[in-house]
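Dear colleague,

Please find below the structure I promised to hand over, together with its sequence.

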Amino acid sequence: MTSYFSHLNPVPAFPAYRGPYKVGSIELEVPTSDLKSPAPAPDPSISTVHFRLFYPCESTLKQHERPVRWIPHPQRETLGAYARFLGANSIFAELISYFPRLLYYITIPVLRNAPLLQAPTKTKRWPVMIFSHGLGGSRNAYSHLLGSLSSYGIVVVAPDHRDGSSPLQHIRETSTSKAKTVGYRSYPHKPSKDVEDGRNEQLSIRLWELALVHEALLKIDLEGDAVSNLDPNDEGHYTHIQSKNNLHAMFKDQLNVHHPSSISWAGHSFGASTIVQFVKSVFWQSQPTQVPSADHQSLFRPSPDSAIVQQITPYSPVALLDLWCLPLQGDSTHWLWNKPMPSYFPSGPGGGNLLAILSEAFFKWRGNVLDTKRVLSENPSSDVPEHSKAPPHFFYPIASAHLSQSDFGVLFPWITKKVFKAENPERTLLLNVRAILQ
């Protein structure tokens, strides 16, 4: 009977995670003043870093939590921003305008504030992945993919980027800064000097944010609640373990984040571009024998003694979903474009730790797929991919669209099928999970 009524529920819903672990989730918004920045802030008005953690959790306690809503708070403003982002004539905007309250009730199938499960690994620490969202994304927009990975035993960190790539972002007030709202910044999808300058500005913020998230994880693992959390997490009831603002204390000594190349880096679309630019910037600019060209614009240059320089090595795992190459190809960053991924460094393993998954739509986008092959090649400056070492892992699921890589495909399958001819979005995400885990 319950199954019957679930089919009558008009609210879009996620399928259950397939892995052996229950998945918990908390949010953190950390003042940047609590963290050691490895490079100057590109925008000092961005005074916090905000991210959601998905993690394997204990399942013995009964769930008395309020659910985690998929539409971030404040929901009404966020939905309005998404409608503006999608455009008045899009089918998604029409859905939002006709059924706004239904979208309010979409929930992520995680246990809010649940206790972290003890890792069964030899080190008693969980592996960690940091995931960068694409245009129109947020910390919640890839929840099914990231929660699925957590259900198989990974702590996944999903930052919000405050670079104008989300429809709407809110930055909380800190002791030294005022609250701020960041709206969407629209740029054409064609190359020009203005587009290059705009995307470079966004990338510089994104790379800095990723480095600060890394600093926050190190500090949390070493000192527990040594960082402040401005997110109240005030809808949870597991307060017998810790107070609502320092739930992150349970991650002390639980994360495998200190050894070089222990963290996996992943992203979708502009997020995948971000990850490529991040690992290349950190690695190649820290090599004493590598001198950038005179016209090179460094979007992020961390201090040589910073922790992130020690973390990124040729053995750092990288997963790129629907890599969007245009933001990487500006004249001012051409020196870095011509450098291969760090895994192709002479001491590296080659493409064995590189994974690229394209939707069928991106696979058929000839110009971008050729550029993706260049990124995955030992010599990106060549039109012919070169692989003297192990080649990268490169896949695409058939009948999949760009949105199939995110929550939008699995929540609104009838729309992605009608507009993009995408089939079975849940299968697409399951294939993505399997490829990343392997």
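Predicted model: local features only at pLDDT ≥ 70, side-chain atom pairs only at ≥ 80, totals over all residues.

As to overall architecture, the protein chain contains 14 helices and 13 strands. Its radius of gyration is 21 Å, close to the 22 Å that the globule rule gives for 438 residues, so the chain is as compact as a globular protein of that length. Along the principal axes, the C-alpha atoms fill a box of roughly 65 × 50 × 45 Å. Buried residues make up 58% of the 438. Among contacts with a separation of 6 or more, 80% are between residues 24 or more positions apart. The charged side chains comprise 40 positive and 36 negative ones, and the centres of the two sets lie 6 Å apart.

I would draw your attention to strand 10, which spans residues 263-268 and is mostly covered, with six of its six residues buried. In a regular strand, side chains alternate between the two faces of the sheet. Here Ile263, Trp265 and Gly267 point one way, while Ser264, Ala266 and His268 point the other way.

Strand 10 has parallel partners in strand 6 and strand 11. With strand 6 (residues 128-132) it pairs over five bridges in the parallel sense, and Gly267 is the bridge partner of Ser132. With strand 11 (residues 318-321) the pairing is also parallel, over four bridges; there, Trp265 has Val318 as its bridge partner.

Yours sincerely

Terms used
Residues numbered from 1 in each chain as written. Heavy atoms only, no water. Buried < 20%, exposed > 50% of the residue type's maximum accessible area, 1.4 Å probe, protein only. Helix = DSSP H or I, 4+ residues; strand = E, 2+ residues; numbered from the N terminus. Pairing = 2+ DSSP bridges. Rg over C-alpha atoms; globule rule 2.2 N^0.38 Å. Contact = heavy atoms within 4.5 Å. Lys, Arg positive; Asp, Glu negative; His and termini not counted. Charge placed at Lys NZ, Arg CZ, Asp CG, Glu CD.
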